[in-house]
Amino acid sequence: QVQLVESGGGSVQAGGSLRLSCAASGSIFSINTMGWYRQAPGKQRELVASITNSGSTRYADSVKGRFTISRDNAKNTMYLQMNSLKPEDTAVYYCNAELAVSLLTRAYWGQGTQVTVSS
């Protein structure tokens, strides 16, 4: 069974740091673009950052200079280093990945991990 499992969420004070991880497991042939999304209460899910299998990255303007996305292709794992956290970063963070499984490539989602930043 193919799945994405996030870890590393939690509660932190403003200015603090957290590191999220997303591990893909199962019978995966290859992983294309991976990304982190977040959804705050009452808001739509939004892209935070993404990274291609060659390492090209993109970030939402709101997190540029504070968050860093990376991946370890050998471990099928993606990371999000979040520094200088702000209360407005509070949300459920979801991992997303385009996985090639057998002959089909489609997007998979993790179950989400809560990040709470207090002022």
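Predicted model: local features only at pLDDT ≥ 70, side-chain atom pairs only at ≥ 80, totals over all residues.

Q: Okay, strands first. Which strand does β1 pair with, and in what sense?
A: β1, residues 3-7, pairs with β3, residues 18-25. The two pair in the antiparallel sense, over five bridges.

Q: Which residue stands opposite V5?
A: That's A23, in β3.

Q: And how many bridges join β3 to β8?
A: Six, and those two strands run antiparallel. β8 covers residues 77-82. One of the partners to look up is M82 in β8, which bridges to L18.

Q: New topic. How many disulfides does a search of the whole structure find?
A: One. The disulfide joins C22 to C95, with 1.8 Å from S to S.

Q: Remind me, what is a disulfide?
A: A covalent bond between the sulfur atoms of two cysteines.

Q: Which parts does the C22 and C95 pair tie together?
A: C22 is in β3 and C95 is in β9, residues 91-101, so the pair ties together parts that are 73 residues apart in sequence.

Q: Are those cysteines buried or exposed?
A: C22 is buried, and C95 is buried too.

Q: What's the handedness of the link?
A: The link of C22 and C95 is left-handed, with -65° about the S-S bond.

Q: Where is N76, then?
A: N76 lies in the loop between β7 (67-72) and β8. N76 is partly exposed, with a relative accessible area of 27%.

Q: And what about phi of S102?
A: Phi of S102 is near 60°, again a positive value in a residue other than glycine. You'll find S102 in the loop between β9 and β10 (104-109). S102 is exposed, at 63% relative accessible area.

Q: Now rings. How many aromatic pairs does the structure hold?
A: Two. In one of them, Y37 and W109 sit edge-to-face, 5.0 Å centre to centre with 65° between the planes.

Q: Which strands are Y37 and W109 in?
A: Y37 is in β4, residues 30-39, and W109 is in β10, so this pair ties together parts that are 72 residues apart in sequence.

Q: How accessible are Y37 and W109?
A: Y37 is partly exposed, with a relative accessible area of 23%. W109 also counts as partly exposed, at 40%.

Q: Why is the pair of Y94 and W109 called edge-to-face?
A: Their planes are at 85°, and over 60 counts as edge-to-face, so the pair gets that name. The ring centres of Y94 and W109 are 6.5 Å apart.

Q: What does the Y94 and W109 pair tie together?
A: Y94 lies in β9 and W109 in β10, so the pair ties together parts that are 15 residues apart in sequence. Y94 counts as buried, at 14% relative accessibility.

Q: Which residues do the ring pairs link into a cluster?
A: Y37, Y94 and W109.

Q: Last one: which charged end sits over the ring of Y94?
A: The charged end of R45, 3.7 Å from the ring centre. There's also R19, which lies over the face of Y79, at 4.1 Å from the ring centre.

Notes: Residues numbered from 1 in each chain as written. Heavy atoms only, no water. Pairing = 2+ DSSP bridges. Helix = DSSP H or I, 4+ residues; strand = E, 2+ residues; numbered from the N terminus. Disulfide = S-S within 2.5 Å. Buried < 20%, exposed > 50% of the residue type's maximum accessible area, 1.4 Å probe, protein only. Phe/Tyr/Trp six-rings, centres within 6.5 Å; stacked < 30°, edge-to-face > 60°. Lys NZ or Arg CZ within 6 Å of the ring centre and 35° of its normal.
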